[in-house]
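Let's walk through this structure together, one feature at a time. Keep the sequence and the model side by side as you read.

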Amino acid sequence: MSGRRRAPRPAGRRRRVWAVAGVLALVVAVCAVAALALLRPGKARTTAAKAGTGPQSSPMTAPDGSERDVVPDACTALSQKVADQLTPGAEATGMTQGAQSDQHSECAWSLFGNDRRQLTVELRALTADGATSATGVATRTFGQEWESDRAGKELADTVKVRDSRGVSGVGEQAYVVYTVDDSGIGDAVANARLANVLVTVHFSGGDEKDGDAKPISSSDAANGALSAARDVISKLQSQS
């Protein structure tokens, strides 16, 4: 699966004598300014990204935000409002694995009992690799994880992919994949890219009644994961 949680679960530019020559020079200058404005990150790029149709048919190649060397703490990157909506009353638990660094942060919220819910938010700032920019590396990694997640690679035998789709309007590229475990747990992973940052959210759960466990529905899991990813992306965009 995407990000650190790839093992089986329990659970970031280019710039375009006299009478006749003067006119030509003016035209060239206007075109150059227009091209620069189109390629400059900001509202124009945001609009273009939101008009995309998802990672399969609309891979973005220009950043909607600036490349980052540091990501914020995942526990505070997600708003308390969204955390409470998905896991009411749960406390944020920061991950302390050795992999944690300025470029990587992860946090989890868990609810136990008959109505089980778990939410994890992971942020990764990928770095350049030789001639490939950080955004280029992130774009490549995003594509690899999209292919792996929708194909159900690296999942336990008891876990099956039930739904997958590209998503527009969440960063520059995004998708969501829903899986179900034989133990009665439904899990949605939403993966989104903004420049060289990947935001990966897992939202899973199941409801138990009379000893029978029923996985959280595809719509509830996917909508929950996407709402968290959208919230974190929005915060990153506001900091660009």
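To follow the strands, recall that helices (H or I, at least four residues) and strands (E, at least two) are DSSP runs, numbered from the N terminus, and that two strands pair if DSSP finds at least two bridges between them. The model is a predicted one, in which local features need pLDDT of at least 70 and side-chain atom pairs count only at pLDDT 80 or more, while totals for chains, interfaces and linings use all residues. Residues are numbered from 1 along each chain as its sequence is written, and side-chain values use heavy atoms, with hydrogens and water left out.

Start with the hairpin of E4 and E5. Strand E4 (residues 159-166) runs antiparallel to strand E5 (residues 173-181), and 7 bridges connect the pair. Pick out Asp 163, whose bridge partner in E5 is Tyr 178. Between the strands lie 6 residues, and in this hairpin Gly 169 adopts a positive phi near 85°.

Next, look for the cysteines. Taking a disulfide as a pair of cysteine sulfur atoms within 2.5 Å, the count is 1. This disulfide joins Cys 75 to Cys 107, with an S to S distance of 2.0 Å. It links distant parts of the chain, since Cys 75 sits in helix H3 (residues 74-77) and Cys 107 in strand E2 (residues 104-111), 32 residues apart. The torsion about the S-S bond of Cys 75 and Cys 107 is about 95°, so the disulfide is right-handed.

For accessibility, buried means under 20% relative accessible area, exposed over 50%, and partly exposed in between (1.4 Å probe, protein chains only). Both Cys 75 and Cys 107 are buried. Lys 209, in strand E7 (residues 197-209), is exposed, with a relative accessible area of 63%.
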